[in-house]
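Here is a short briefing on one protein model. Keep the sequence and the 3D view open as you read.

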Amino acid sequence: MDKSTPKRNVNKKRPDYLEWTEYFMATAFLAAKRSKDPCSQVGACIVNENNIIVGIGYNGMPKGCHDDVFPWMKESENSLENKYLYVCHAEINAILNKNSVDVRNCTLYVGLFPCNECAKVIIQSGVKEVIYMSDKHSFKVHTIASKRMFDAAGVKYRQFIPKNRQILIDFDEINWNDQSQLPGSPNLGDSITKKIKSMSILSEEQQDLNSSFTCDNETRLECKDKN
């Protein structure tokens with residue numbers, strides 16, 4: 001971080017933290033960075049009613065279908081060489097990647113409004129709301145069909161309006177202001193010294209106890225011999 005940046009008040013809550021909706025949409029956009037698609041990189045993030053992420057996905061080839069072998073072209077004369085026949089969309093991958101029993105009553109954050117095929121899976125999985133960033137294909141048949149199905153099935157959808165146009169991920173920020181996230185370390189030297197002294201005292205007490213026990217036994221033996 002720039003050294004000229006003014007220091008924050010470390011005794012109060014930071015005011016510029018991400019709100020939940022921004023956090024979840026940013027997670028979807030970060031997932032999109034994993035996509036190999038040269039044209040469209042889309043990510044999706046599924047969140048349950050407790051604001052816990054239960055699924056993340058991005059558009060890509062199915063497992064076992066190597067992305068260096070299968071095509072990424074959009075308008076090949078050979079229909080079998082078009083990516084649309086093979087690519088799994090982000091929404092479907094997020095649902096399939098779920099880490100919960102199901103995604104019923106969850107909210108799905110996605111960069112692009114779902115197509116009709118994804119809409120079917122979203123409805124069948126029980127997702128209750130879709131929050132999207134872009135609706136650039138709103139005039140296309142598959143998007144119109146998606147909205148028609150969502151309306152009929154009672155799945156809500158709304159566009160995400162960001163408060164911040166950009167969210168910067170700075171890996172150097174963890175060292176901001178050299179603030180430690182852990183409490184100060186104790187003085188190990190003093191601690192070790194105290195422990196040694198404590199052990200020494202216990203050892204002396206044990207020796208005194210053993211000595212007393214030995215003397216007591218000897219006295220009893222002498223008395224027994226006299227009798």
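How do the axes of helix α3 and helix α4 cross, and within what distance do they come? The axes of α3 (residues 116–125) and α4 (residues 141–153) come within 8 Å and cross at roughly 20°. This is a predicted model: local features need pLDDT of at least 70, side-chain atom pairs count only at pLDDT 80 or more, and totals for chains, interfaces and linings use all residues. Residues are numbered from 1 along each chain as its sequence is written, and side-chain values use heavy atoms, with hydrogens and water left out.

**Helix pair**
- α3 and α4 are therefore roughly parallel to each other (angles under 35 degrees count as roughly parallel).
- The crossing of α3 and α4 is right-handed (the near helix is turned clockwise from the far one by less than a right angle).
- Axes are lines fitted to C-alpha atoms, for helices over the stretch in contact, and angles run from 0 to 180 degrees between N-to-C directions.
- Helices (H or I, at least four residues) and strands (E, at least two) are DSSP runs, numbered from the N terminus.

**Salt bridges**
- The structure holds seven salt bridges (a side-chain nitrogen of Lys or Arg within 4 Å of a carboxyl oxygen of Asp or Glu).
- One of them joins the side chains of K163 and E19, at 2.5 Å from N to O. This pair links distant parts of the chain, 144 residues apart: K163 is in the loop between β5 and α5, and E19 is in the segment before α1 (20–32).
- K163 is exposed at 59% relative accessible area, and E19 is partly exposed at 33% (buried is under 20%, exposed over 50%, partly exposed in between, with a 1.4 Å probe and protein chains only).
- R158 and E129 also pair, at 2.8 Å from N to O. R158 lies in strand β5 and E129 in strand β4 (residues 129–134), so the pair ties together parts 29 residues apart in sequence.
- R158 is partly exposed at 39%, whereas E129 is buried at 15%.
- D135 and K147 meet at 2.7 Å, N to O. D135 lies in the loop between β4 and α4 and K147 in helix α4, so the pair ties together parts 12 residues apart in sequence. Both residues, D135 and K147, are buried.

**Positive phi**
- N51 has a phi near 60°, positive in a residue other than glycine. N51 sits in the loop between β1 (43–47) and β2 (53–58).
- N105 has a phi near 65°, again positive in a residue other than glycine. N105 sits in the loop between α2 (90–96) and β3 (107–112).

Notes:
Angles under 35 degrees count as roughly parallel, over 145 as roughly antiparallel, 65 to 115 as roughly perpendicular and the rest as oblique.
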